[in-house]
Amino acid sequence: MKPTHIEHIGIAVKNMDEAIKYYENVLGLTCYAVEEVADQKVKTAFFMVGQTKIELLEATSDESPVAKFIDKKGEGIHHIAFAVEDVNVSLQNAEQKGITLIDKQARNGAEGLKIGFLHPKSTGGVLTEFCGTK
Ligand code: CMX
């Protein structure tokens with residue numbers, strides 16, 4: 001159950017191209033992938049920092065969770081993703097400990113990984129994601 005590391009930090013942005021410039025030109029990172037995750041109604045861009053990634057998130061629809069988040073709170077840190085061995089096991093463990101799940105079952109995320117979210121109302125206000133290969 002214990003996460004091995006922070007897999008990525010998700011950051012909600014209004015304009016992906018503009019945001020990429022900051023991470024590349026100011027921080028000196030390299031955007032190694034841009035991918036649309038249709039299931040989540042987002043476009044993503046990834047940067048590697050050590051073994052952790054920065055994931056920029058741009059909404060692809062007004063119904064996207066990221067569009068709603070930016071409307072309410074503005075751009076900024078959207079979620080933290082913990083690397084776990086088995087997303088379904090981690091979701092079940094969290095639920096047994098009284099946490100409200102957004103996803104009862106792992107679903108497909110960016111980079112071919114399985115993902116599952118915990119509701120921020122039961123995690124101290126931090127939208128929390130489990131991320132893993134199974
Ligand atoms: N972090 C912290 N709190 C958040 C939040 C976030 N990212 N997103 C929403 N909330 C809070 C809202 O501020 C709101 O709080 P208040 O009631 O105090 O105002 C509450 O949660 C409900 O928010 P809402 O705007 O009414 O939105 P919904 O309930 O419709 O949805 C949530 C909220 C978290 C269930 C939804 O955003 C969700 O399912 N998120 C998981 C999926 C996701 O975010 N996908 C995009 C990233 C995908 C990827 O990384 O590949």
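Which residue in S3 does Glu35 stand opposite? Glu35 stands opposite Thr44. The model is predicted, so local features are reported only at pLDDT of at least 70 and side-chain atom pairs only at pLDDT 80 or more, while totals for chains, interfaces and linings use all residues. Residues are numbered from 1 along each chain as its sequence is written, and side-chain values use heavy atoms, with hydrogens and water left out.

Secondary structure follows DSSP runs, numbered from the N terminus: helices are H or I runs of at least four residues, and strands are E runs of at least two. Two strands are taken as paired if DSSP finds at least two bridges between them. Eight strands form an open sheet with mixed pairing. Their order is S2-S3-S4-S1-S5-S8-S7-S6. Strand S2 (31–37) and strand S6 (107–108) are the edge strands, and each pairs on one side only.

S2 and S3 form a hairpin with four residues between the strands. Several residues of this loop can be described in turn. Accessible areas were computed by the Shrake-Rupley method with a 1.4 Å probe, and for residues only the protein chains shown count as cover. Residues are classed as buried under 20% relative accessible area, exposed over 50%, and partly exposed in between (1.4 Å probe, protein chains only). Gln40 lies in the loop between S2 and S3. Gln40 counts as buried because its relative accessibility is 12%. The C-alpha atoms of Gln40 and Pro65 are 7.6 Å apart in space, with the two residues 25 apart in sequence. Lys41 belongs to the loop between S2 and S3 as well. Lys41 is not a glycine, yet its phi is positive, at about 55°. With a relative accessible area of 35%, Lys41 is partly exposed.

Salt bridges were assigned where a side-chain nitrogen of Lys or Arg lies within 4 Å of a carboxyl oxygen of Asp or Glu. The count comes to six. One of them joins Asp39 and Arg107, whose closest N and O atoms are 3.6 Å apart. This pair links distant parts of the chain, with Asp39 in the loop between S2 and S3 and Arg107 in strand S6, 68 residues apart. Both partners are partly exposed: Asp39 has a relative accessibility of 44%, and Arg107 has 26%.

A further salt bridge connects Glu111 with Lys53, with the closest N and O atoms 2.8 Å apart. Here too, distant parts of the chain are linked: Glu111 sits in the loop between S6 and S7, Lys53 in strand S4 (residues 52–59), 58 residues apart. Lys53 counts as buried because its relative accessibility is 10%. Glu111 is partly exposed, at 29%. Phi of Glu111 is positive, near 60°, in a residue other than glycine.

Glu95 and Lys104 also meet through their side chains in a salt bridge, at 2.6 Å from N to O. Glu95 is partly exposed at 36% relative accessible area, whereas Lys104 is exposed at 56%. Salt bridges that share partners join Glu7, Lys53 and Glu111 into one network.

Surface patches were built from residues with over 30% relative accessible area and no salt bridge, joining like charges within 9 Å and nonpolar side chains (Val, Leu, Ile, Met, Phe, Trp, Tyr) within 5 Å. Lys and Arg count as positive and Asp and Glu as negative, while His and the chain ends are not counted. Each charge is placed at NZ of Lys, CZ of Arg, CG of Asp or CD of Glu. A patch of positive charge gathers Lys68, Lys72, Lys73 and Lys121 on the surface. Lys121 lies in the loop between strand S7 (114–118) and strand S8 (128–132). Lys121 is exposed, with 77% relative accessible area.

A nonpolar surface patch of about 300 Å² is made by Tyr22, Val26 and Leu27. Val26 is placed in helix H1 (residues 16–26). At a relative accessible area of 58%, Val26 is exposed.
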